[in-house]
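Notes are below, in the order I looked things up.

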Amino acid sequence: MSRSGKILAIGGIFIASIIAAAIVTNSKGNQSTTAQACESQVKNLRFSMSSNNKHPIYDGAVKFKEVVEKYTDLTVDIYPSAQLGDDRAAIEMLQLGTLDVSIPSTGPLANFYPEYNVFDLPFMITNEAVADSVLRSPFSDDMLKRLEQKGLIGLDFWENGFRHLTNSSTPVHSIEDVKGLKVRTMESPLHLDAWKAMGATPTPMAFNELFTALQQGTVDGQENPYPNIALNNLYEVQSSMTDTGHVYTPLVLIFSQATWNKLSSHDQKVIRQAAIEAGDHERMVNRRVNLDSLATIQEHMEVIELTPEARKGFQEATKSVITKYEPIIGSDVVDAFVESINNAEKLVNNK
């Protein structure tokens, strides 16, 4: 059964299921209590994110904090705007045990887990309903479990959203218009290869460096979901946006395994539940802000909708990237991802 089938409401049923003290029975049949079962060895969790405190991701973090602090003795401190480091640095800190919680995109995570490139294959997930089904499925459960191989605990997938191209050089109406554009990308080889395949000159860069790079002309453009564009005022240094929707970017709520092992079983259960409830809240807020952000973008920038023919040109240009990365990701993972998408599309179409 996937996580979606296991979700319990935070309330009486949930609390009753986890509040009882844990008694561990060892191999000799003796009963003993342990720190793992009874009391957490940490009292404060540091939660790092690259987005600022205006972004829906921050709303999700606040919800996570509220639930954790309500049902445990833990406190959660949130550090937005990459105060403790960008996504890649945060992942490394989690592995070392010097940070507790973070919410990176799948792109930076793929530098440590090649199979996570599967989420960034271009033009795979086509709409939000399909994304919801795929990211709460046996496939996503398996992908979260894989994080334990290198010192992380995967809690849930949250939403960043569909990425779109903006630039200050030339309006992009077709794949031909991308040629030669200097485009900032996440620090992900797959994203670099995808934009090279589309004819751009990609430049990897941390998000907190982006506005200045656009302002100074270091890069012509960038690609991000609507909220990232609007809430960071990128329209001040960009003149047009094209609704490429070239990839749907999930976020992954991850926990340091070193910290996790210091938590009581009660606190672990609360944190897992808090991750799901906060993820649902973040997704709801993100979609509302998505619409508001698009309206803001339309006020300040030229917004270009690709024709079906033009979109097909982008899809054809990036097919080679999917072929290149299948052996890197693993054909089993790619096949499972495609199957999960197909199953989701059937469910969505039958509603």
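**Ground rules.** I'm working from a predicted model, where local features need pLDDT of at least 70, side-chain atom pairs count only at pLDDT 80 or more, and totals for chains, interfaces and linings use all residues. Residues are numbered from 1 along each chain as its sequence is written, and side-chain values use heavy atoms, with hydrogens and water left out.

**Overall.** I found 15 helices and 13 strands in the chain (DSSP runs numbered from the N terminus: helices are H or I, at least four residues; strands are E, at least two). I got 54% of the 351 residues as buried, meaning under 20% relative accessible area with a 1.4 Å probe, protein chains only.

**Tyr-116.** Beyond its neighbours within four places in sequence, I see Tyr-116 in contact with residues including Met-143, Leu-147 and Val-252 (contact: heavy atoms within 4.5 Å).

**Helix pair.** I checked helix 7 (138-146) against helix 15 (331-350): their axes come within 10 Å and cross at roughly 145°. Axes are lines fitted to C-alpha atoms over the stretch in contact, with angles from 0 to 180 degrees between N-to-C directions. Met-143 of helix 7 and Phe-337 of helix 15 are among the contact residues.

How values were computed. Buried < 20%, exposed > 50% of the residue type's maximum accessible area, 1.4 Å probe, protein only.
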